[in-house]
Amino acid sequence: MLLISMCFSFGSLFGQSMYKLSGVVVDENSKPLTGASVFLFPVSRGAVTDAGGSFIIENLPAGNYKLKIYFIGYNTLSDTIAIYKDMTYNAALKVSSLSLQEVVVSDDYAETRKNEESLNIEVVNEEYLKQNLGGSIMNSLERLPGVTAINIGSGQSKPVIRGLGFNRVVVVENNIKHEAQQWGADHGLEIDQYAVDNIEVIKGPSSLMYGSDAIGGVIDMSRRNIPVENTVTGTIDLTGKTNNDFLGGSFSLAGRINNFFADFRATIIDYGDYKVPTDSVDIYSYRAALDNNHLRNTAGKERNLHLSFGLIQEQFQSTFYSSNIASKNGFFANAHGLEPRNVDTELHDKSNRDIQYPYQKVDHFKVINVSQRNWERLKLESDLGFQRNFRQEWSSYVDHGHMPPVFPDTLSFHPDLERQFDKYVYSANIRSYYQYNEKIQLSSGLVVEYQDNRIDGRGFIIPAYRQTNTGAYALVKYSNTENSMIQFGIRYDYGHINTTEYYDWFPSPVVENGDTTYQYLQRAGDIDRSFSNISWSAGYNYNPGKWSYKANIGKSFRMPLAKELAANGVNYHHFSYEVGDPDFSPEISYQLDIGVEYSNVRFAIGTTPFLNYFSNYIFLNPSSEHDRLYGNGNQVFYYTESEVIRYGFELHAHYELFKSLQLGVIGEYVYSEQLSGEKKGFTLPFSPPPSAIFNIKFRKDKLINFNNVYVSFDYRITAQQNNIVPPEDPTDGYQVINLGFGGNIPIGNQKVSLSLQIQNLLNTKYFNHTSYYRLINIPEPGRNFIINITIPFSVRINN
């Protein structure tokens with residue numbers, strides 16, 4: 001009823017008047033351009049200029065549009081316009097030269113970025129994200145070739161690109177690297193999935209532009225849409241999911257008066273325990289029964305606020321972003337430091353929406369300023385950021401090993417505070433782009449970041465630390481012909497990390513020379529390490545008509561994490577006891593990337609093979625040992641260095657059978673092998689198996705009362721993973737079917753967007769080899785119906 005009432009309100013607020021857009025397109029010398037194409041989105045209406053450069057597009061409802069004008073040999077002009085009366089728009093196109101990546105979004109933005117990057121890149125927009133909603137924003141990207149997610153719980157996931165994740169993939173939001181506790185398998189990304197409208201996924205080492213941790217790739221998220229001048233716009237997003245009774249809503253309000261603009265967003269999310277297609281799971285040789293297939297205590301909630309404002313002028317733009325992401329979600333009660341037999345199942349099974357012990361609370365506060373100044377040939381950009389990530393993990397006190405049965409009241413922290421991490425991050429970036437001439441563009445940048453991570457609580461896994469990273473780079477792009485580009489870059493990085501020593505808060509017996517004394521055992525020492533490296537990259541792009549070729553070779557670098565250097569404790573989410581090595585060297589990687597693609601009006605096919613060599617890859621190596629002092633006999637994992645070679649490819653193709661029907665396939669394959677160490681010849685732990693998605697998609701511009709209708713059928717097939725490293729177990733292959741439907745409902749001059757998904761249609765029981773829950777035989781979520789409704793509104797501000 002609320003939805004219907006709002007729709008009628010919008011219908012009465014905005015009339016049905018139709019308008020026309022006309023204008024003239026000329027070149028830099030004011031001479032008319034005959035045959036220039038003029039398009040309006042999202043209505044997909046257009047016109048071609050006549051002999052005088054004139055065009056007319058009629059019968060346009062009032063609203064906001066994206067305008068694109070292009071002509072061969074000239075730069076494409078993209079703009080956002082508001083039509084509330086008959087309007088004249090005149091444009092002057094400039095002769096084509098190397099793009100400086102303007103701030104505005106155009107519908108050819110993705111193609112432009114791909115043509116300018118020698119690394120393989122995927123660009124997705126807000127429409128894609130709405131049609132592929134998952135449990136988190138990283139789940140929404142899993143349909144991209146080479147991209148997967150590590151899931152723990154119904155609201156937690158981390159990105160994996162070509163089998164590399166955690167601190168080998170950099171996540172960027174509004175030009176600032178997102179910093180939290182990425183080392184934790186259960187630590188998701190504190191990103192509001194409703195607050196992102198553009199994502200670039202760079203596959204392959206990107207240390208040149210993004211620094212140390214980008215050795216595996218980059219997830220670059222941004223909000224690019226700026227309100228049209230003298231308008232107030234907004235959206236209401238409503239989402240529901242059946243598997244975990246998810247209810248989510250987000251309200252945004254944005255406006256612009258002349259050169260000043262502002263944007264506000266509030267998001268509320270609540271979800272219950274998610275369901276799996278099994279009635280029991282095996283944990284530590286104990287079979288734990290599940291109540292109505294619910295994975296008890298995996299419920300959660302989010303409360304997010306965003307505010308941005310800024311100034312936009314012809315040659316200057318500055319935007320301030322602030323956000324606070326607050327979440328609380330439970331950990332699976334049977335697998336978080338508790339004896340599975342001691343879980344109070346009656347308490348947990350009373351409700352599938354309550355959050356009991358154990359759980360985590362996270363607050364991530366972020367303030368960012370992004371500014372740029374443009375001259376005729378020069379563009380300067382600066383980014384300043386501050387972040388505070390405050391994370392607490394709570395669980396009932398249980399004594400292990402030599403811990404006292406009764407928690408002492410002399411300690412400064414609460415007995416149920418298992419762990420606390422309080423991280424402060426300060427960031428600054430400066431970049432310059434100089435157009436030397438029509439063929440040469442010079443870029444350079446300076447990056448500085450300081451982290452202060454503090455710890456508290458009764459449990460220990462990593463020590464407190466302070467870390468500084470600085471880097472400087474230079475990049476040159478040379479457009480040697482109209483269809484080809486060569487680029488080369490070099491970067492220097494310096495990093496320093498200092499960890500604080502840590503001792504147990506309880507004494508343990510130590511036997512020396514036959515005598516037993518009680519001592520506070522040291523778990524981590526005072527480590528003071530510095531690292532430096534020179535990275536480089538060389539690439540070539542060639543785009544002759546329907547073909548596209550690209551190649552890139554480079555060297556990347558990653559300095560070890562505090563966890564890799566100094567871990568010495570139980571990771572309850574990985575079901576392991578982890579031990580670091582303070583003598584690690586920085587990771588060095590050499591990689592060759594190639595991309596080949598052919599496309600015409602109805603058919604496209606492409607592949608992106610890669611070859612990757614690590615001289616000293618750092619990873620958790622499972623051993624046959626088990627810890628008895630700090631947990632329930634968790635398997636001991638040692639951080640280890642090894643020579644590693646990796647290679648693989650992604651494949652994508654689609655064919656348009658008819659104007660409305662398209663067939664497609666997406667596939668990926670990754671192979672890893674250790675070339676040294678005690679497990680030489682074996683793969684790496686949690687290596688992803690080969691997989692493919694076969695897709696059928698139906699599109700119709702108009703169907704009954706719906707516009708831009710689509711129906712999508714995905715058949716995902718994943719091979720068995722027998723290429724394992726002992727003591728891993730093989731994982732069976734699986735097949736999953738997903739469906740998607742959607743379209744726009746015109747209400748007055750607005751369009752209400754509706755999307756519906758059915759994930760795991762057949763409620764298939766399967767295990768993801770890259771999931772840590774696989775270790776205790778927890779399958780992936782069962783059938784899930786997802787519905788999302790987006791209701792936009794806009795008002796013109798009269799002068």
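Contact, in these notes, means heavy atoms within 4.5 Å.

I am working from a predicted model, where local features need pLDDT of at least 70, side-chain atom pairs count only at pLDDT 80 or more, and totals for chains, interfaces and linings use all residues. Residues are numbered from 1 along each chain as its sequence is written, and side-chain values use heavy atoms, with hydrogens and water left out.

**Tyr-639.** I looked up its partners, skipping neighbours within four places in sequence: Tyr-639 touches Lys-563, Glu-564, Ala-567, Glu-578, Val-579, Gly-580, Asp-581, Phe-584, Ile-618, Phe-619 and Leu-620.

**Val-579.** I found this residue in strand S37 (strands are DSSP E runs of at least two residues, helices H or I runs of at least four, numbered from the N terminus). With the neighbours within four places in sequence set aside, Val-579 contacts Ala-567, Asn-568, Val-636, Phe-637, Tyr-638 and Tyr-639.

**Cavities.** I counted 11 cavities of 30 Å³ or more. A cavity here is a set of points on a 1 Å grid over the protein atoms alone where a 1.4 Å probe fits but cannot get out, and lining residues have an atom within 4 Å of a point. Grid points are joined across faces, edges and corners, and the volume is the space filled by probe spheres set on the points.

The largest cavity comes to about 550 Å³. Its lining has 34 residues, and Phe-166, Arg-168, Tyr-617, Leu-620 and Tyr-772 are the closest to its centre. Which strand gives the largest share of this lining? I noted S40, with 4 residues.

Note on methods:
On a 1 Å grid over the protein atoms alone, a cavity is a set of points where a 1.4 Å probe fits but cannot get out, and a pocket is an open set with protein on both sides within 12 Å along at least five of seven lines; lining residues have an atom within 4 Å of a point.
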